[in-house]
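Here is a briefing on one protein model.

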Amino acid sequence: MMRILILGIDGYLGWPLALRLAKRGHEVIGIDNLSTRRFSEEVGSDSAFPLPKPEDRVREAKRHLDVDITFYKGDVTDYNFLTEIMKKHKPDAIVHFAEQRSAPYSMKDRDHAVYTVVNNEVSTLNVIYAVKQIDPTIHILKMGTMGEYGTPNFDIPESIYVEAIVNGKKDKIIVPRKAGSVYHWTKVHDTDFLLYFHEIWGLTVTDIMQGPVYGTRTEEIVDESLRTRFDFDETWGTVVNRFCVQAILGIPLTVYGKGGQTRGFISLEDSMEALTLLLEHPPNHGEYRVANQFAEIYSVRKIAEMVKNAGEELGLKVEIGPLPNPRVEAEEHYYNPERKVLPSLGFYPKKNLKDELKNMIKDLLPYRERLERYKDAILPKTKWRM
Ligand SMILES: NC(=O)c1ccc[n+]([C@@H]2O[C@H](COP(=O)([O-])OP(=O)(O)OC[C@H]3O[C@@H](n4cnc5c(N)ncnc54)[C@H](O)[C@@H]3O)[C@@H](O)[C@H]2O)c1
């Protein structure tokens, strides 16, 4: 049994992870400032599934799963608050999800860019300094993104350093990164800070490079009251989740540009499985471990076809409606990330996109009227070139 502090426990990944870890007998403590709830309202949207208040979520978890989860409302950028909770609960591991995680939100204007940088960088620095101050042996499990690398023409390794020849001389360099939004750059900076402080203070870190997550279910979501948030608008919805809602509402699936943008995807259930394995099999003390976390690689165009097929099998009429790309990104490119760390811990994906799409649409269909209310927030408005 471990004591695990989840920063960002109220989020899409944080809540099901809390349920999973608590169900496995770990002591789970969580912090959240509820900013994603507020920002989703700010863009005229809401979670597809209505979310109970945090205290009600905790009560429902007790009722349905017989688990105790401790929730604190507060901000990870508040150092005194964070360290008080850490001193009180003495965690063995900290899962750091507490960041502004929408690329379009970070690209809206200067204010949103600055907010994203301050929130994400200060929260990561606070975690680093708090671990050093309170107990440097705490395992920091930091959620980064495959998007730190962009879409390079080389195979994306699963290590932070590579050997390279620069100007004719061999050296060990940090793998080149090329993020595609202010949000993604904050993840690059997180990695740089974590790596730097790991090197000077010997911190133990797992830096997860995760691909986009999709899905509505995990094994512990056994009742509607235990659902995790599900975003589908242009700002907060990740592509698969967004397309499923578009299919339900009869909005042509918004493939941006040529649709050859290719990423490694993972289901919510498999993401929980991978995170649990990484927590229960921590790296050696003082080690910096990078894990590329994804299950299947698809282009956006292929995903749109799969959502169309899944929707049509369930009786929906689904069209694909390519749009000019509001983002600045390669629309056809090479993509080959390495993935060895999770398989070495026994990870194999239990879900696949094709089957999961039908489950997602079935889970969302009863909420069609609610989704209709937020229809205006679905089409892309945020443009990278403004
Ligand atoms: N969902 C994905 O597809 C995906 C893919 C790759 C990486 N990630 C990363 O995983 C992490 C979790 O993502 P998610 O999809 O659950 O996002 P989310 O927005 O649903 O969850 C993040 C939570 O952190 C909270 N938060 C943000 N800043 C905070 C602060 N300063 N103090 C306290 N709480 C704060 C938010 O209120 C929210 O509940 C994020 O760091 C995200 O960048 C997500």
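Leaving aside neighbours within four places in sequence, Ile6 is in contact (heavy atoms within 4.5 Å) with Gly14, Leu17, Ala18, Leu21, Val28, Ile29, Gly30, Ile31, Val95 and Phe97. This is a predicted model: local features need pLDDT of at least 70, side-chain atom pairs count only at pLDDT 80 or more, and totals for chains, interfaces and linings use all residues. Residues are numbered from 1 along each chain as its sequence is written, and side-chain values use heavy atoms, with hydrogens and water left out.

**Nonpolar cores**

- A nonpolar core is a set of buried Ala, Val, Leu, Ile, Met, Phe, Trp, Tyr and Cys residues joined through side-chain atoms within 4.5 Å.
- Buried means under 20% relative accessible area, exposed over 50%, and partly exposed in between (1.4 Å probe, protein chains only).
- The largest core holds 40 residues, and Ile6 and Ile69 have the most contacts inside it.
- At least two residues of this core come from each of strand 1 (3–7), helix 1 (14–23), helix 3 (54–65), strand 4 (93–96), strand 5 (139–145), helix 9 (268–280) and helix 11 (341–344).
- Helices (H or I, at least four residues) and strands (E, at least two) are DSSP runs, numbered from the N terminus.
- Helix 9 gives the largest share of this core, 7 residues.
- A second, separate core has 35 residues, among them Val240, Ile303, Leu371 and Tyr374.

**Helix 8**

- Helix 8 (residues 239–249) has 11 of its 11 residues buried, so it is largely enclosed by the rest of the structure.
- The cover over its buried residues includes strand 9 (213–214), strand 10 (262–267), helix 10 (300–313), helix 12 (353–364) and helix 13 (368–373).

**Helix packing**

- Two packed helices are described by the angle between their axes and the distance between the axes.
- Axes are lines fitted to C-alpha atoms, for helices over the stretch in contact, and angles run from 0 to 180 degrees between N-to-C directions.
- Helix 8 and helix 10 pack at about 35°, with axes 10 Å apart.
- Val239, Val240, Phe243, Cys244 and Ala247 of helix 8 make this contact with Val300, Ile303, Ala304 and Val307 of helix 10.
- The contact of helix 8 with helix 10 has 9 nonpolar, no polar and no charged residues.
- Ala, Val, Leu, Ile, Met, Phe, Trp, Tyr, Cys and Pro count as nonpolar, Asp, Glu, Lys and Arg as charged, and the others, Gly among them, as polar.
- The axes of helix 4 (residues 79–89) and helix 6 (residues 110–134) come within 10 Å and cross at roughly 45°.
- Tyr79, Leu82, Thr83, Met86 and Lys87 of helix 4 meet Asn126, Val127, Tyr129, Ala130, Val131, Gln133 and Ile134 of helix 6.
- The residues of the contact of helix 4 with helix 6 comprise 8 nonpolar, 3 polar and 1 charged.

**Single residues**

- Ser40 sits in helix 2 (residues 35–42) and counts as buried at 0% relative accessibility.
- Not counting residues up to four places away in sequence, Ser40 touches Ser45, Asp46, Ser47, Arg229, Asp231 and Trp236.
- Asp66 has a positive phi of about 55° although it is not a glycine.
- Asp66 lies in the loop between helix 3 and strand 3 (69–73) and is exposed, with a relative accessible area of 58%.
- Asn167, a residue other than glycine, has a positive phi near 50°.
- Asn167 is in the loop between strand 6 (161–166) and strand 7 (169–174) and is exposed, with a relative accessible area of 78%.
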